[in-house]
Amino acid sequence: MRIVVPVKQVPDLVEELELNSEGSDIDREFVKFVANEWDEQALEEALLIKEAVGAQVSVVAFDEPDVDQTLYTALARGADDAVKLTGAGDGWLSTAERARLLAQWLSGQSYDMVITGVQASDDLDGQLAGTLGGLLGVPHASVVVGVEPGSGSVTVTQELAGGTVVTTEIATPCVVGMQTARQAPRYAPISRIRQAMSAGGLESVEAPGEATGPAEGVELLRLYPPEKAGRAEMISGDAPAVAERIVEILASKGLVKL
Amino acid sequence: MLAVVVTRHILGGMGPAQIAVFYSLAVIAIAVFFYGLARRVAKYRQGRSIDRPWLRGPGSGVKGVTARPSFASAAGAVLTNRTVRRRKPLVGWAHLALFWGFLGLLAATTIVGVDYDIYGHIITGAIEGHEKTFLTGWFYEAFNLVFNAAGVAAIAGLAVLLVRRHQRSEPQLDYTRVDVKDGGYSRAKLVAGDMLFVDLLMAILVTGFLVQGLRILSEGFPSFERWTWMGWFVAKALSVAGISPNVAFYLHGVLWWAHSLMALGFVAYLPYSKAVHMITSAADLVATDPGPTRRLPALADGKPGYTSAADFTWKELLDFDACTKCGRCHEVCPARTSGGPLSPRDLILDLRQWLNTTRHIPTLLETELRSETTGPAAPPDAEPAGDVIRQETLWACTTCMACVEACPVGIEHVPTIVSLRRRLVDQGKMEPTLQAALQNVASQGNSFGKSARMRARWTKALDFTIKDARKEPVELLWFVGDHASFDERMQGLSQSLARLLHDAGVDFGLLYEAERNAGNDVRRVGEEGLFEMLVESNMQAMSNASFTEIFTTDPHSFNTLRNEYSSFGLEVRVRHYSQLLADLLETGRIPVAPLGAKVTYHDPCYLGRYNRITEAPRRVIRALGCELVEMPRNRDNTFCCGAGGGRIWMDDSHLEERPSEMRIKEAGALAVDRFVVACPKDFAMYSDAAKTTGLDTSMQVVDLVQLVEEAHALATRETAGMASGAKSGETETS
C-alpha cells in the first residue's frame with residue numbers, strides 16, 4: 001500500500017504578520033513558515049497505518065519557504081520518501097490551483113490513499129481533499145478522525161456537526177482530509193532530522209505546471225488586518241439579571257422585538 | 001613442648017581426618033570465591049569502554065568545582081570511610097569500626113595462615129625438617145592484644161548496623177516500591193539477604209570470641225593469655241557461668257567447627273551476595289568521576305540512548321554492583337519524597353538484577369520476584385528504557401544530583417538516567433507538554449514558544465539601552481536565559497538587575513535575539529541533537545560578539561555554559577549574577593543601606609550542589625545587612641524545587657506534595673520575613689508554593705536582585721535626603 005501525504009507551508013503565527021506595501025498579500029519576506037498543523041495530523045495517521053499494516057508513506061510538497069525542514073522532519077518521523085515539486089510559482093497558491101497541480105502529479109503515480117490535512121490556517125476552506133478527489137475521479141472523505149485500512153477499501157470515521165460521528169467504508173484509491181489523527185503527532189528528534197538531512201533523501205521534481213493566479217473573473221483587491229472591534233462585555237450577576245441584560249442587548253441591536 | 005611457651009596450638013586437638021576435611025572445605029570455599037569474583041570481573045570487562053584517566057595518571061575533575069580525582073584521594077575515602085560517615089555520623093563511625101575490625105581479623109587470619117601453613121609446614125617443616133612458629137612470645141601477645149581490639153570494634157560497629165537493618169524503621173531501609181502501587185512483586189529475598197549478611201557476620205565474630213574464651217578456660221587461664229583480653233574476659237564470664245574446663249574443652253571442639261564452617265561459608269558466599277560490596281564499593285569509589293554528572297557524556301558512537309544490555313559502561317556495571325541498598329539516595333530524592341514514581345535506589349537495583357540475569361551472573365538472595373516479566377524481571381531482549389525502568393520513573397527525575405551527592409560508594413545515577421531518557425526521546429515517548437516545549441525550543445530557540453525576536457523585548461521598559469554585544473565590544477556578556485527573558489514574572493527582575501548594573505557603571509551587553517536557550521535542561525531531558533543545535537547557534541552568536549566574560553541569570557544555563565560549552569570551544573570565564581553582585585556590593589559600586597530583614601536562602605541545585613557556589617549569595621545577603629537564618633538543608637545538601645532536568649515542562653499534578661511545597665514549609669518553620677532565591681525557576685516555583693501552602697501571608701519570596709534593589713533604593717533615598725546637591729543624578733531608581 002502506498003499512501004501519499006500532500007503537505008504545505010503556512011506562516012508561523014508566533015510571528016506578527018504584516019501586509020506588503022500594495023496590500024495584496026502578507027509580507028512574505030520576514031515571515032517564518034512552518035508545516036500546516038492539519039497536515040501533521042495527516043502524516044501521523046499515515047504513519048500509524050504504516051506501523052499497523054505496513055505501507056509506503058510518501059510526502060509531497062510544493063517548493064514553499066522552509067519546506068525542506070518540513071520534509072526532512074517527515075522523513076525523521078518515519079515517512080519513506082519525500083518529493084518537492086518545484087517551479088509552481090512563488091506567492092500563495094490557492095487551494096484550487098494546489099489541487100489541480102497535485103492531481104496532475106498524482107495521475108502519474110500509483111497510490112492507494114491520499115491523506116492530507118482537512119484545511120490550513122491560511123485558507124480555512126477545507127476544499128483540498130474534495131477538489132482533489134473530484135479531479136482524480138476517486139472517492140473522498142473529509143473531517144476524518146480515524147482511518148482503518150481494509151482490503152480494497154478503508155473505513156473512515158468522520159466527525160460531523162453536533163457531535164455526530166459517521167463511519168463509512170470507501171473504496172481505494174481515495175482521498176482523505178484529516179482533522180485529527182488517532183494520536184498526537186510524534187516528536188521528531190533533532191538528531192534524526194539531521195540524519196535525514198545528511199542522507200539527503202529529498203527528491204526534487206518539476207511541478208506539472210505553473211500557478212496561473214486566481215480563477216477567471218476573480219480579482220484580489222486588498223487584504224486587511226482584522227479590525228479591532230470594541231471590547232467584550234462581561235455580564236455578571238445571577239441568572240435572571242444576566243438574561244435581562246442579554247435581552248436588552250439583543251433588543252438594542254434590533255435582533256429581537258420586545 | 002613446654003607448658004610455659006607463650007603460644008597456642010593451631011588446629012589443636014584435631015585428628016588428621018578432621019584436618020583433611022577442614023582443608024578440603026577451605027580449598028572449595030576459596031575456589032567458589034574466586035569463581036564468583038571472576039564472573040563479576042568478566043562482566044565489567046564486557047561493559048562499554050570509557051576512560052577514567054586517573055587510574056593511569058592525574059585526573060582533571062571539574063575545574064573550580066571538585067577536587068581532581070586521584071587514586072590516592074579515592075583510596076583515602078575508602079580507608080577512612082569518609083563518604084560513609086558524611087551526613088550520617090553514627091552509621092558512618094559504626095561502619096568504620098566494622099571496616100577496620102574486619103580488615104584486622106582478615107589480617108589476623110592471614111598471619112596465622114602464613115605462620116602455620118607457609119612458615120610452619122613448608123619453610124621450616126618440609127625444608128628444615130621440624131615445624132616452627134613465629135606466633136610466640138611477645139609477638140603472640142601483641143597479636144592477641146591488637147586483634148582482640150579489631151574483633152571488639154567489628155562487633156560494636158556491626159551491632160549498630162544490625163539493629164538498624166533489623167528494625168527497618170528509617171524510610172531509606174524500607175523496600176516498598178514507589179513505582180508499583182498495586183503489588184505483583186516480592187522483595188522478601190532482598191530483606192533475607194540483608195539479614196543473612198549481618199547475622200552471619202555477627203555469628204562468626206561472636207563464635208570467634210567464644211572459641212577463644214573456651215580455649216583459654218580449658219587451658220586453665222595461662223597468665224600470658226591476659227593479653228588476649230577479650231578472650232580472657234569471655235573465659236572468665238564462662239567460668240562464672242559454671243562451665244568447667246572439661247566442658248569447655250568439649251564445647252570448644254564443637255564451636256570451633258561452627259565458627260570455621262560459617263567463616264568458610266562466608267568466603268564462598270561473598271561474591272554472590274550483598275557482601276560483594278566489600279570489593280565492588282571500594283572499586284567504585286576509586287573509579288567514580290565527579291565530571292559526567294555536571295558535564296554529560298556525548299552520545300556513545302553517535303547512538304541515541306541505550307537500547308540493550310551491551311550499552312552500559314563498565315563503570316555503570318560496577319555502580320550497580322556497588323550498591324549496598326543503604327537508601328541514602330532514596331531518602332533525599334525529591335521525586336521519591338514527593339510521591340513520584342522514582343527511587344534512585346530501586347533504579348540501580350532493577351538495572352543490576354536485569355543485567356545480572358541477562359549475563360547469567362549467579363547471585364544469592366539478591367533478586368526481586370515478579371509475577372510478570374516486567375521491571376527487573378524483564379527478559380534479556382527487553383528495552384532498558386521503558387521495559388526494565390518505566391518511562392514515568394525516568395521522567396520523574398529532576399537531575400538535582402542529590403542522589404549522586406549522597407551516595408557513599410560513588411554511583412553516578414544522573415548520567416545513566418539521561419542515557420536512558422535519550423532512548424525515550426529517540427522513540428518520541430514523552431509527555432505532550434514536554435514535546436511542545438522541545439518543539440518550541442527547536443523552532444524558536446525558547447521553550448515558551450514565543451518569537452525569537454521577542455527575546456529582548458523586556459529591555460524596552462528601561463530608560464537606557466543595553467549594549468548589543470554583537471555590535472560593540474563589552475566587558476561582560478549577560479546570558480539572560482529563557483525564563484528571565486520571556487516569563488512576565490521574571491522580566492521585572494531582569495529589568496532590576498539591568499538598572500543596578502547600569503547604575504554601577506558595569507560595561508555589559510546582550511546577544512539580543514541571537515541568544516538561544518542554553519540547552520542545559522534540553523540535554524538533561526535527553527534531546528542531545530537539539531542540545532547540539534542550540535550550542536551551535538549560541539556559539540555562532542558569541543563568535544560574532546566581543547566580550548571577555550559571561551554571566552548568567554539562570555543557574556542551569558550557568559552549568560552548561562561553564563561546564564559543557566568548553567567541549568564546544570567556549571573559553572571565557574562564566575559567572576552567576578550572584579557572584580557579580582557580591583563583588584559589586586563589596587567594592588561599594590552598588591551603594592546600599594542595611595535592610596535589617598530576617599531572611600533565609602535556598603541554594604539552587606545547579607548552583608550550590610553542581611557548582612559549589614554557596615558563598616557568593618550569602619555574601620550578598622550579608623552585605624545588605626540582613627540576618628540570614630540557614631535552611632536545615634543547605635549548600636550542597638539543598639533540596640530541589642522540582643523544576644530541574646526538564647521537569648518544569650512536565651505535569652506534576654500526580655505528586656502527593658510538590659517538592660517546592662515541602663521546601664517552602666521547611667522555610668516556614670524558620671520564622672523569617674523573606675525566602676531568598678537566586679534562580680528564575682525557583683522564583684516561579686516558590687512564588688506558587690508560597691500561595692498554595694498559604695505561607696505567602698507571613699513570608700515573601702524574593703530574588704536576590706530584589707533584595708539588592710531595595711537596599712540600593714534605601715541608600716539612594718538617604719543620600720538624596722542628606723545632600724540635595726548629589727554628585728550624580730544618574731542613580732535614580734523607580
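Begin by selecting residues 674-677 of chain B, which form strand S10 in this predicted model. Four bridges join S10(B) to S11(B), and the two strands run parallel.

Four strands of chain B make up an open sheet in the order S9-S8-S10-S11, with parallel pairing. Strand S9 (627-628) and strand S11 (700-703) of chain B stand at the edges; each has a single partner strand, so one side of each is left without a neighbour in the sheet.

Now turn to the contact between the two chains. Chain B contributes 19 residues and chain A contributes ten residues. On the side of chain B that touches chain A, select helix H17 (413-426), helix H18 (432-444) and helix H22 (528-543), the elements that each give two or more residues. Of these, H18(B) gives the most, with six residues. Colouring this side of chain B by residue class will show eight nonpolar, seven polar and four charged residues.

Finally, select chain A. Chain A is divided into domain 1, residues 2-206, and domain 2, residues 232-258. The centres of domain 1 and domain 2 of chain A, taken over C-alpha atoms, are separated by 44 Å.

Technical notes: Residues numbered from 1 in each chain as written. Chains lettered and ligands numbered in written order. Predicted model: local features only at pLDDT ≥ 70, side-chain atom pairs only at ≥ 80, totals over all residues. Pairing = 2+ DSSP bridges. Contact = placed C-beta atoms within 7 Å. Nonpolar A, V, L, I, M, F, W, Y, C, P; charged D, E, K, R; others polar. Domains from an automatic or database assignment.
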